[in-house]
Protein chains: 2
Amino acid sequence: MQTADLHQFFAPAGVAIVGARRSPGFGYGIPIVLQRLGWGDRLRLVNPAGGELHGLPVYERIADVPDPVDLAVVIVPAASVPAVLEEIAARGIRHVIIESAGFAEVDAEGRALQERAGSIAAERGIRVIGPNCVGVINTANRFTSADILEEALTPGSTAIIAQSGVFGNILMDMLYEYKLYVSKVVTLGNRMDVNEIDLLEYLKGDEKTKVIMAYLEGVSDGRLFKETLQGVTREKPVLVLKSGCTEKGRAATESHTGSLSGEDALYDAVFTQAGAIRAGNLEELVEMTRVFATQPPPAGNRLGVLTVSGSLGVLATDAAVNHGLALPPAASATVEKLRREAPDWMNIKNPLDIGPFQAYEMALAAMMEDPHFDMVLAITVLPFAIYKRIPSRELAGKSYFGDIASMRKSAPGKPLVVCAVGHSEFVFQMREVAGPDVPVFISPEPAVRALAALHDYWALTGRPPR
Amino acid sequence: MQTADLHQFFAPAGVAIVGARRSPGFGYGIPIVLQRLGWGDRLRLVNPAGGELHGLPVYERIADVPDPVDLAVVIVPAASVPAVLEEIAARGIRHVIIESAGFAEVDAEGRALQERAGSIAAERGIRVIGPNCVGVINTANRFTSADILEEALTPGSTAIIAQSGVFGNILMDMLYEYKLYVSKVVTLGNRMDVNEIDLLEYLKGDEKTKVIMAYLEGVSDGRLFKETLQGVTREKPVLVLKSGCTEKGRAATESHTGSLSGEDALYDAVFTQAGAIRAGNLEELVEMTRVFATQPPPAGNRLGVLTVSGSLGVLATDAAVNHGLALPPAASATVEKLRREAPDWMNIKNPLDIGPFQAYEMALAAMMEDPHFDMVLAITVLPFAIYKRIPSRELAGKSYFGDIASMRKSAPGKPLVVCAVGHSEFVFQMREVAGPDVPVFISPEPAVRALAALHDYWALTGRPPR
């Protein structure tokens, strides 16, 4: 298959909404979204009732829809889909997103219906995303077939492949919360035609996409999947959450998007051999993506830890060692510098526990410059009692880290991650101070795990640091 | 040792702050806190400078301090501690919290100093908590030797044992965020005398304490620790985060609180055999405590999952099976009830994926009543785009769950946990709606893991459900 073939899904010349309607639902909401996003002049609405909607004419038959139109978004009852597909083919439209549910995810009847629709698409040479999905998002041209948050359409570097529509939304919302944005999103649904392999191949060549995150419940062709995935991970990192690991989970999957997932251990091997990063759960997927999307490739596995709490330093050390990172001592120039400034009680080691010594900025800058460290984890904690007494929150943050955004920029080859432990008000404040380019975690272990994954990926692909 | 011996640490007749002072720090802040908490009439300040502080007389010598006083909180430079201990003993005070740092956690000299102080305490029959700690909190009588958030002094049922002062604060702040409160907190520091074994034994008999959470970097006596722990877990659950699992971590620990942690695998065995629940990391410790502190013992391992997203149901199923929970079908009465109300496309299974069908409350109530389920996980997700359009947030939450607090109360023997997936604004909203008695998690896996731990604990201790 030509991946060029998928391009119209993301960048159509014009789009027909088949099943536009006045009552609440996608058929009502998506035309509004597209108009607001500037697609009004390339938006065609279709409904046998005809008339007008949102100030646009509603065509009674797909055959009547004028150019430009090379993509159809189908939101009609499942039973009508085969007939609609015939009409779409007759009109010469070759790309279709079927959002309707009620196919293989429901029962045998639905499965048969999906097969019939699939045959029509194949015979007529139509590419289909779905059914049972919300289609695509492309932030570069602000095109979407989903009802999404306009602010989340800021162009970013992460692409999302999600089997279910809900998951596409979840992942986007979670990135958005950290001021991280997407390049493209695709929700695959029941994968009647276009599947995760097609999309991986397509996103491999997508210049806007630097990192791919995927939620999969199963794959269509194990051998081809692995081969394709391997090709993609040589170009850019792929982070995967694969569910349906257990027999029970697989049973639940079947009824959900109508796919069959394979054996879990096999998937583990496939992901490892293909160089993909497998997350153990949803939170880990998001945590790791935050680090991959913002941090440069580290030059090696040597982690420097700065902390205001010895206990949290110990937790970070445990995690680092468990995940294959080294904690070498600081370079002698760093040690001398710190020795000059630090109080007597301070042990100058790695982790560097500065305790209540008010020199976080100096110590952090020294570690970011230290050639013994390939990456830095900066741990901070503030009891809520003290936090609440600080008059200016913003200042409190700055006095901790200094100008952390500048530090991030001045060491372009050294990953930097912050861990802010405490009440969420404090954590949110630290996020503001750190800015979108320095991920803030709420405990040491996930931060270290993500840094280790970043190191492992770049060590495997052999990409030199910038 | 008599555990009664520890009671004065938590409920002194009167307390002397040795090292009260005008300059910022504990010596300045703690007297303020104690006055505010109503301890002004039982608060004695000591400093060789004499004079007055916070409107109270400052005694130049401990010998001069008038009754009532049976606890001393020491905040003087480390080098002065041995002499101060002699004076305290001479005054007839037998309980001492040493908050000063600069002992075994620093260097060999500090270790020697700590040993000297320890010998004095042993000879004079003084019980000591610390050094290098922030002592205790008792919410029942609002006594504390730490500078804490007054709101966090609401009496609760969870006791915290933390090796470091910072960790005591962290855990309290994290519980506070979920409107969970503590009974007692103790930070052990370098454990010159009083250690985790003493405290476990003491908290076993503490009526206010229903759940114990502990952060440990090492234990003083492995055999006795296990024996004591086993005795405690027969009475109430103990959740433990043990760090210093790796050689490197142990090295970091030594410099931190001056303790030596043993082998990690050994600890695993000890915790399992003693019936304690070991958390893998800080977040898991808090997550599990939230469930133990709020949910009743389940009658068995059968989990019912309600979800609006098939994908999240699959993730919950994977986690449930991996952690030894069963997902039986609903009872036929429940199935019939749902069949009558539900649309055709809905598969009535477990997990029950109700999709966009607006009947969350009815379905949740049915599952809480269903005798086939020993516990219920209610998963909800709302794309931020939709959340932002809902005019009344509170209403949005209520329309999801109905009166979840009543459901919690009307099924007193069935644990109920919510999973709200999406942007944190939505999550915080769901937390408000669910109230403090129903824990809200942000993804299915940790929720299921905590429920499984709850089941395992009660299955082991054989306590029948209420």
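Which residues of α2(B) are buried? They are F26(B), G27(B), I30(B), P31(B), V33(B) and L34(B). Here a residue is buried if 20 or more other C-beta atoms, placed from the backbone, lie within 10 Å of its own, exposed if 12 or fewer, and partly exposed in between. Seen down the axis of α2(B), these buried residues fall within an arc of 165° (taken from the directions from the axis to the C-beta atoms), so they line one face of the helix. On the other side, I32(B) and R36(B) are exposed.

This is a predicted model, where local features need pLDDT of at least 70 and side-chain atom pairs count only at 80 or more, while totals for chains, interfaces and linings use all residues. Residues are numbered from 1 along each chain as its sequence is written, with chains lettered from A in the order in which they are written.

Helices (H or I, at least four residues) and strands (E, at least two) are DSSP runs, numbered from the N terminus.

Now for the chain A–chain B contact (C-beta atoms, placed from the backbone, within 7 Å). It takes 58 residues from chain A and 58 residues from chain B. On the side of chain A, α11(A) gives the largest share, 9 residues.

| Class, chain A side | Count |
|---|---|
| nonpolar | 23 residues |
| polar | 24 residues |

Ala, Val, Leu, Ile, Met, Phe, Trp, Tyr, Cys and Pro count as nonpolar, Asp, Glu, Lys and Arg as charged, and the others, Gly among them, as polar.

Conventions
Two residues are in contact if their C-beta atoms, placed from the backbone, lie within 7 Å.
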